[in-house]
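Here's a quick briefing to keep beside you while you look at the model.

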Amino acid sequence: MILRSLLLASATLAASPAAAQALATVDRNGSLVSIEAYGPNIVHVTIALDRKELDAGPGYGIIGKADPAGWTHRSDASGDVFASSALRVTVDAKAWPKPPTQMERYFVPSLPPVSIAIAGADGREITRMSGWELAPQTVNGEKTFRVGASFADTADTHYYGLGQNQEGVLDLRGRTIDCRHNYDAPAGETVCVPFLVTNKGYGIVWDNPAATLVSPGLHSATRFQSQVGERVSFFVITGDSADALYAGYARLTGETPLPPKAAFGLIQSKARYESRDELMRIADGYRSRKYPLDIMVLDWFHWTRMGQLDIDRNAFPDPAGMNRQLHDWGMRSIISVWPRFERESRYYDMLSARGWLLKDADGQTADGLPVRADRAGALLDSTNAEARAWFWTKIRDNIASEGFDWFWLDETEPDLVPAGHFYSLGSGDRYYNLYPLVHTSGVAEGSARDRPDKRNLILSRAAYLGVQRNGALFWSSDVHSTWEALRRQVPTGLNFTASGMAYWSSDTGGWMWPSGPRAERPLLVDPAGATAMGADYADYPELFVRWFQYNTFTPTLRIHGQRPATAIWEYGKAAEPILADYLRLRYALVPYLYSLGRQTSETGAPFMRALFMDFPDDPEAATIGDQYMFGPAFLVAPVTGQGRTSRRVYLPKGSDWYDYWTNRRYSGGQTIDAAAPIERIPLFVRAGSIVPIGAAVSSTAEKQALAAIRVYPGRDARFTLYDDDGTTNAYRAGKGIEAELVWNERSGTLSSTTRLPSGQDAAKLVQIVRSPTE
């Protein structure tokens, strides 16, 4: 009865996905197969035994509309053939099954078989779904099925994406990924975004929010298996480039908004600032030292009780005044808001009575979990539209009204694991991975309605299909403060951005209390004067320097951690000038980064890019996970080992490369030993690149002129420079200014199609980089 009532409630309180608009539904001896088109290169396949499962349409996260324009359907001896200008989808014919042999009675699956070939317009097969699974089982008291499908594999196919997995390897081939949100995963928190991308011109969006096992390229097949469901539902996106796959993903799940410009500057945080005086002292420390800074973050336990949705006026007596002062300094603020409610908090009884909190199997509010001694409150049921709308109004009235700019929605996994529990929408097992989407949606929609002129930003610790459209920025959660953790961040972030989530980074220096094994090599940074760690972690300032260098070249740059001190002058006198140099470099690159952000909002393609995206014809690039492209120009190779002063760097073929620090030019297609003294991260620029360099500013609130436009010769090049007010949504109405910079290799000249956004003359800013060997 409890389950029934919850499901009935979900019908009225949660928006349902769109109904199916199939090109056709074909019957394969009882297995029903629906084919929907979402454009010439995107097809949605649904397989079930019950027709109502096909009619329901795609699941949560998918907002694109079916588009059958240009598709045809015919039947012949091979089966049913669906064709467009880009694809040919064949649902193979299946003969009427013969009676099984005695052996087959025991070992042959009972489902009528289905196989579906996905080919290009030229008939070349791209992939094939070779089988499906629908196995009855009971999960969380609900009679349901385990559902799955298998896809063809080739030995040279490599796989990427599926969200965040911190095992430290880029290529997912031959592994089994437990695609579920898991804060307690041994290597670091896992986050499920069920979008699997290949280097063979296709990606698969698996349309099921339950916990899912994915085995890419294992035993010559790729298999998906979800723990709850009544159908198989997936999308195949094809394209002649990686960017075409991300354009298809954006078409299905929504665009990635352009974040406020402040998101590209330094975000300063700590777990936690215990008072207004401490937070403002750090902000003033950046200002007085003339170090640029954009955002101060107020983390958890600024409230009087978990769930009060208030601010402790003893520690923060005048939050509105604090924010006015930050704004006067050209800074902004982010405040952490949790979806937890202690029994003693003022909203608990109301939320529980209305059924707006996660419930157990008996229909009672679930209060804490029997893990990590976690008894700290109940979870807001954000699958309930009324509950999430209420949550936003309290954030708006209690917190945003005090001048806080944006919100950090922590615990979006959620931390109270939904398995064995119930949302208003249904079983927590059925909707295991859905919470980040619905929880961030409530704040994004509320902010858009009540603050229409203010560009949204949300810090989120987890993701699911479509979360990018809510203006979410992600990070790798509460990682260890060790060299091993740093090494794992690089491939972790590349797979996350390969999942269609462009904005990812990690807590600079790690989140956990600084503790690690003793240094095995001589220290490269003298720890004298450091207050960020204990005396037993002498190489921590060196680790922080290397981590800061790496995060300078991730989509967002945030310092955070559970340690005594986190600001850049608190790692010792030797570390501070290095960190200051990289902070200034980050701000010099803001015109480049902001232009890339605009491009991502238009195309869906990430700008922190694993090498397979830009070098598909270079087999060496397919599996490299410890270096990457940062936009079209930069090749970044972080140093992730203690005491290391050089590292091997592969320069992809098809281009020449300039060492950013020396301007020396190298041919592509080779591995070099790159010098990496402590003040240098190995950084290369692709020949044929245009890099705008910004003048020094104290924050992005200050109008930033260009100091230079650097051209790295080697081929013709174009770069679209973009700027706008950085804070409002006017950019959506075309209010920004862009100028296309064009480099002509033959004439050795750079021109601009229009005047620069800064009003400057491009010709007077050009710096043509020359190799010292030329």
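This is a predicted model: local features need pLDDT of at least 70, side-chain atom pairs count only at pLDDT 80 or more; totals for chains, interfaces and linings use all residues.

**The disulfide**
- The link is right-handed, with 95° about the S-S bond.
- C179 belongs to strand 11 (residues 177-179) and C192 to strand 12 (residues 191-198), so the bond ties together parts 13 residues apart in sequence.
- Both C179 and C192 are buried.

**Nonpolar cores**
- The largest nonpolar core holds 179 residues, and Y286, F341, F407, F548, I568 and F634 have the most contacts inside it.
- Helix 12 supplies the largest share of that core, with nine residues.
- A second, separate core has 39 residues, including A37, I47, M129 and A149.
- Leaving aside residues up to four places away in sequence, F341 touches a set of residues that includes M306, L309, Y347, W390 and F391.

**Helix 11**
- Helix 11 (residues 540-551) has twelve residues and spans 16 Å from its first C-alpha to its last, close to the 16 Å expected.

**Salt bridges**
- The whole structure contains 44 salt bridges.
- R313 and E402 pair up at 2.8 Å, N to O. R313 is in the loop between strand 18 and helix 6, and E402 is in the loop between helix 8 and strand 23, so this pair ties together parts 89 residues apart in sequence.
- Within that pair, R313 is partly exposed at 42% relative accessible area, whereas E402 counts as buried at 15%.
- D725 and R455 form another salt bridge, with their closest N and O atoms 3.6 Å apart. This pair links distant parts of the chain, 270 residues apart.
- D725 is partly exposed at 45% relative accessibility, while R455 is buried at 1%.
- R598 and E602 also form a salt bridge, their closest N and O atoms being 3.4 Å apart. The two are four residues apart in helix 13 (residues 590-603), so about one helical turn separates them.
- E189, D410, E413, R461 and D478 are linked in a network of salt bridges.

Conventions:
Residues are numbered from 1 along each chain as its sequence is written. Side-chain values use heavy atoms; hydrogens and water are left out. The expected span of a helix is 1.5 Å times one less than its number of residues. A disulfide is a pair of cysteine sulfur atoms within 2.5 Å. Buried means under 20% relative accessible area, exposed over 50%, partly exposed in between (1.4 Å probe, protein chains only). A nonpolar core is a set of buried Ala, Val, Leu, Ile, Met, Phe, Trp, Tyr and Cys residues joined through side-chain atoms within 4.5 Å. Contact means heavy atoms within 4.5 Å. A salt bridge is a side-chain nitrogen of Lys or Arg within 4 Å of a carboxyl oxygen of Asp or Glu.
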